[in-house]
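Subject: Structure for you to look at

Hi,

Here is the structure I promised to pass on. Have a look at it first, and then read my notes below.

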Amino acid sequence: MALLSVQLYSVREQLATDRQATLERLAEIGFRYVEPFGLGSPDKPSADRLAEARALRAGLDAAGLAVSAVHAGLPGDVAELVEECAILGADTAFVPHPRLVPGFGEETFADPARVDALAGVLTEAAESVSADLRLGYHNHWFEWAELPDGTTGYDRFWSRAGDGVLAELDVYWAVAAGADPASVLASLGSRVVAVHLKDGPALPGAPQTPIGTGAVDIAEALRDASGIRWHVAEIDSTEQDPFELLATNANILVNEGHSRWAR
């Protein structure tokens, strides 16, 4: 059964105000693993990124938290990202948006040539650091843009990406794109090592709600996904208290037999 983690972007405002109190609150809820964001940012100097990684690691250690994976951009020298991840004890990094790869943006997935180019960049980067770090890609909704040949940017990306590029499927955004998460997971197979789980109306910008109250059928999405290691609770936006929503969602996932707490 997959272990629970939590994407720190869910409580980004709280982290900016009081990082240590925020990390300790997540630990009190029951989380033992977190998924940090913001590593490898191409627009930040390496020294600043390394200092931030060290500060975060100190806070995580003090709160009794470890890292499941990270969300990161690709700096000009990918070895710098390897160093950041090593500080945090992370062996996997997911690129969560094409804009975090220099020269690409959201429109990439509507252009076959640009999709191919992005897949090539990530494949090369993954191969270059394979001895120290696993690289992957995390979706939103726009990756399912229809291409001139009737396929989608998402499917084309994975058909072009090398075997060393891993996947983290955001089930919520797959539903928002009109995709069937269970079918996507089946098509990606062993590439998928983590999924993001949340619920709500599955519309960009709409506030998210407790699991079971929105458009996402998580039980159906995960019906054949027993081999996935990480279930990551996340909130992009909500009108509720984010800590309370994370706790609610985590307990639903555990009580319904989808995920388990790490002890």
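One term before we start: a polar contact is a pair of N or O atoms within 3.5 Å; within protein, one of the two must be able to donate a hydrogen and the other to accept it, and residues adjacent in sequence count only if both atoms are side-chain atoms. Keep in mind that this is a predicted model, in which local features need pLDDT of at least 70 and side-chain atom pairs count only at pLDDT 80 or more, while totals for chains, interfaces and linings use all residues. Residues are numbered from 1 along each chain as its sequence is written, and side-chain values use heavy atoms, with hydrogens and water left out.

Let's begin with Q208. The backbone nitrogen of D236 is 2.7 Å from a polar atom of the Q208 side chain. Q208 sits in the loop between β8 and α9 (helices are DSSP runs of H or I with at least four residues, strands are runs of E with at least two, and both are numbered from the N terminus). With a relative accessible area of 2%, Q208 is buried (buried is under 20% relative accessible area, exposed over 50% and partly exposed in between, using a 1.4 Å probe and protein chains only). Not counting residues up to four places away in sequence, Q208 touches several others, among them Y172, W173, K198, E234 and L245 (contact means heavy atoms within 4.5 Å).

The loop between β8 and α9 also holds A202. Most residues other than glycine have a negative phi. A202 is not a glycine, yet its phi is positive, about 55°. A202 is buried too, at 8% relative accessible area.

Next, helix α8, residues 181-188. Its buried residues are P181, A182, V184, L185 and L188. Seen down the axis of α8, they fall within an arc of 160°, so they line one face of the helix (the arc is that of the directions from the helix axis to the C-beta atoms). The exposed residues A186 and S187 are on the face turned away from the buried side. What do the buried residues of α8 pack against? They pack against α6 (153-160), β7 (166-170), α7 (171-176), β8 (192-197) and α9 (218-221). After α8 comes G189, with a positive phi near 60°.

Two helix pairs are worth a look as well. The axes of α3 (residues 46-63) and α4 (residues 78-88) come within 8 Å and cross at roughly 15° (axes are lines fitted to C-alpha atoms, for helices over the stretch in contact, and angles run from 0 to 180 degrees between N-to-C directions). That makes α3 roughly parallel to α4 (under 35 degrees counts as roughly parallel, over 145 as roughly antiparallel, 65 to 115 as roughly perpendicular and the rest as oblique). Residues in this contact include L50, A53 and R57 of α3 and E83, E84 and I87 of α4.

The axes of α2 (residues 19-29) and α10 (residues 242-255) come within 10 Å and cross at roughly 30°. These two helices, α2 and α10, are therefore roughly parallel as well. Here T22, R25, L26 and I29 of α2 meet F243, L246 and A247 of α10.

Finally, L135 is in strand β6 (residues 134-138) and is buried, at 3% relative accessibility. L135 and A167 are 32 residues apart in sequence, with 8.6 Å between their C-alpha atoms.

Cheers
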